[in-house]
Every structure is written in C-alpha cells, then in structure tokens.
Amino acid sequence: MSTDSDPVTGTAAGTSAGSGLMVDVRGVHKNFGALEVLRGVDLQVRTGEVTVVLGPSGSGKSTLLRSINHLEKLNRGYISIDGELIGYRRVGSKLHELKEREVLKQRLHIGFVFQNFNLFPHLTVVENIIEAPVSALRRSRKAAVEQAGRLLERVGLADRADAYPRQLSGGQQQRVAIARALALEPKVLLFDEPTSALDPELVGEVLDVIKDLARTGTTMIVVTHEIGFAREVADTVVFMDDGVIVEQGPPAEVLDRPRHARTQAFLSKVL
C-alpha cells in the first residue's frame, strides 16, 4: 500500500487491493454543522469476516455505516472497498468527489440493509428483488427471477414471491430486504440495526438468516444491539462512543473482558 501523504484527507492514502482487506476506513471525520459525529475513525475488515459494531445511541455507528457507501460525505479521511476509493477519485495528491452516477455504480457492490426495510410497497416481493439487477446490471428478467427464487428459498420465503410488503410481517419484510441486497452479489453487506424495528418474537428469524450468511463467508458489518448475536457470529466486535472507536477485538475479549471503562459501563447496562 502506498503511503503518499494526502493533504485533502489528512491521512496516509492508498489502496488495500491484494492485502486481504475488503473494507478500509482511515481517519474518517464527519460533521453535521458544528456537531462532529465521527472523530477520526479507523476500521479494517478483512474479506469473509463479520464485524459487529456496538455502542450507545448517538455514538456514530449508523453514520459510520452510511459513510462506507457514501450516503454521507466525509469531511476528512477516506474509505476504500476491495482497494477502490469510495466516493472519490485520486488526481495526483488530491481527492475529487465522484459524480452521483459514478457513486451509484460503486454502491452496486455494497449491499445495505436498513432497519425499516425500505421495500417498494407497490411492487411484489419478487419485483422488489429483481428491480436493481434488471435496471442497473442489465440482467434479463428471466435470469433475475430465477436468481430471486433461489434467494427467497435461502431466506425461507420461497412461497411469498407474489406477495406485497404490506402482506408480510416485519421479519419477513426484512428477510426480503436481505434477499434484495444479495441479488446484486455485493462485495460487502452492511446492516444498520436490522432487528430494531421488529417485534421481539420476529428477531430470531432475521438473525438466523444473517448467521447463515456469516457461515458462508459473506463479508459483513453489522450495527446492532444484539449482544448474543455479536458473541456468536462476530470475528471482531467494535465498541463506539462519542464518534470514536473506544475498543475492538474478538468477542471474548471485548464482551467478557472489556478494558475501557466506557465499554464496561455500556455492557453493564445491556447484559
């Protein structure tokens, strides 16, 4: 990785292609007006790993996730996925923001599952899943429908292809949202509190799907409050507070033997 100093980002700049890194977050700052939400975040996720991000409300977890696929523009720092800068192009020693159509093309490789599903209410389940592959990837409708059928089987909803979102439970809608994200065959999947909008009895069915993805080697970053899930699935647990990563490491270390007082205080309230 080259280390030419970047005056725009204020951090070492380069790419991670060939290093085994899938997601590389370096020196990321994000402000909303005078409010500094991310304050120099560094995070590396290797190919096939699951990183679970924990932290209190307002700690910057969701903003970090949204920054990874450039839903939020950075004030400083940079993010690359599989060696490709996200949202910017390097020209000499400076970064120039990409045009929206170029960012949209990059997002095709970054699956994002929102907490409130974000399904198109006027489309059936299968139509929701094939929309992006057909319109953005120019796949044939026949091939996209066949793929959608396989994905619906994978998430346990093969019999609901022709249903509309309003006819599904919250857990079913979230499983459709996961299938929709997988339809683009992304390099990484981002989950923003995927169970927070669900009734307690529906949480397990969504977590089971995510656990299955973890077993098959899907690279994932999951923002969640589900400590048991983090303990079972994560390769790395990250604890954020006040816009910084306070502590990170294997689940057994961060969850069972946290070193930082802020991590200890948070876990004492949720465990």
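Author: Gladly. Keep in mind that the model is predicted.

Reader: What makes β5 and β12 a strand pair?

Author: The bridges. Two strands pair if DSSP finds at least two bridges between them. Strand β5, residues 50-54, and strand β12, residues 220-223, share 4 bridges in the parallel sense. The cut-off is at least two, so they pair.

Reader: Which sheet do β5 and β12 belong to?

Author: An open sheet of 6 strands, in the order β10-β11-β12-β5-β13-β14. Its pairing is mixed.

Reader: Why are β10 and β14 called edge strands?

Author: Each of them pairs on one side only. β14 covers residues 244-249. Neighbouring strands of this sheet are turned by 20° against each other on average, with direction ignored.

Reader: How do you know which helices lie across this sheet?

Author: By contact, and contact means heavy atoms within 4.5 Å. Helix α1 lies across β5, β10, β11, β12 and β13, and runs at about 150° to β11. Helix α5 lies across β10 and β11, at about 170° to β10.

Reader: What else does α1 lie across?

Author: Strands β3, β4 and β6. There α1, residues 61-68, runs at about 60° to β4. Those strands have a sheet of their own: an open one of 4 strands, ordered β4-β3-β6-β7, with antiparallel pairing. Its edge strands are β4 (35-46) and β7 (84-85), each pairing on one side only.

Reader: How do you know that β6 and β7 pair, when β7 is just 84-85?

Author: They have 2 bridges, in the antiparallel sense. At least two are needed, so the pair counts. Isoleucine 81 has glutamate 84 in β7 as its bridge partner.

Reader: What makes β8 and β9 a hairpin?

Author: They pair in the antiparallel sense over 4 bridges, with 2 residues between them. Glycine 92 in the turn has a positive phi of about 65°. Arginine 89 stands opposite histidine 96 in β9.

Reader: Why is one space called a cavity?

Author: A cavity is a space where a 1.4 Å probe fits but cannot get out. The structure holds 1 cavity of 30 Å³ or more. Ile81, Glu84, Ile86, Gln106, His109, Ile110 and Lys187 line the largest cavity. They divide into 3 nonpolar, 2 polar and 2 charged.

Reader: What puts arginine 141 in contact with other residues?

Author: Again, heavy atoms within 4.5 Å. Neighbours within four places in sequence aside, arginine 141 contacts Glu127, Ile130 and Val134. Arginine 141 is found in helix α4, residues 141-154.

Reader: How do you know whether the whole protein agrees with a compact globule?

Author: Compare the radius of gyration. A compact globule of 271 residues would have one near 18 Å; the protein has 19 Å, so the two agree.

Technical notes: Residues are numbered from 1 along each chain as its sequence is written. This is a predicted model: local features need pLDDT of at least 70, side-chain atom pairs count only at pLDDT 80 or more; totals for chains, interfaces and linings use all residues. Side-chain values use heavy atoms; hydrogens and water are left out. On a 1 Å grid over the protein atoms alone, a cavity is a set of points where a 1.4 Å probe fits but cannot get out, and a pocket is an open set with protein on both sides within 12 Å along at least five of seven lines; lining residues have an atom within 4 Å of a point. Grid points are joined across faces, edges and corners, and a volume is the space filled by probe spheres set on the points. Ala, Val, Leu, Ile, Met, Phe, Trp, Tyr, Cys and Pro count as nonpolar, Asp, Glu, Lys and Arg as charged, and the others, Gly among them, as polar. Axes are lines fitted to C-alpha atoms, for helices over the stretch in contact, and angles run from 0 to 180 degrees between N-to-C directions. The radius of gyration is taken over C-alpha atoms; the globule rule is 2.2 Å times the number of residues to the power 0.38.
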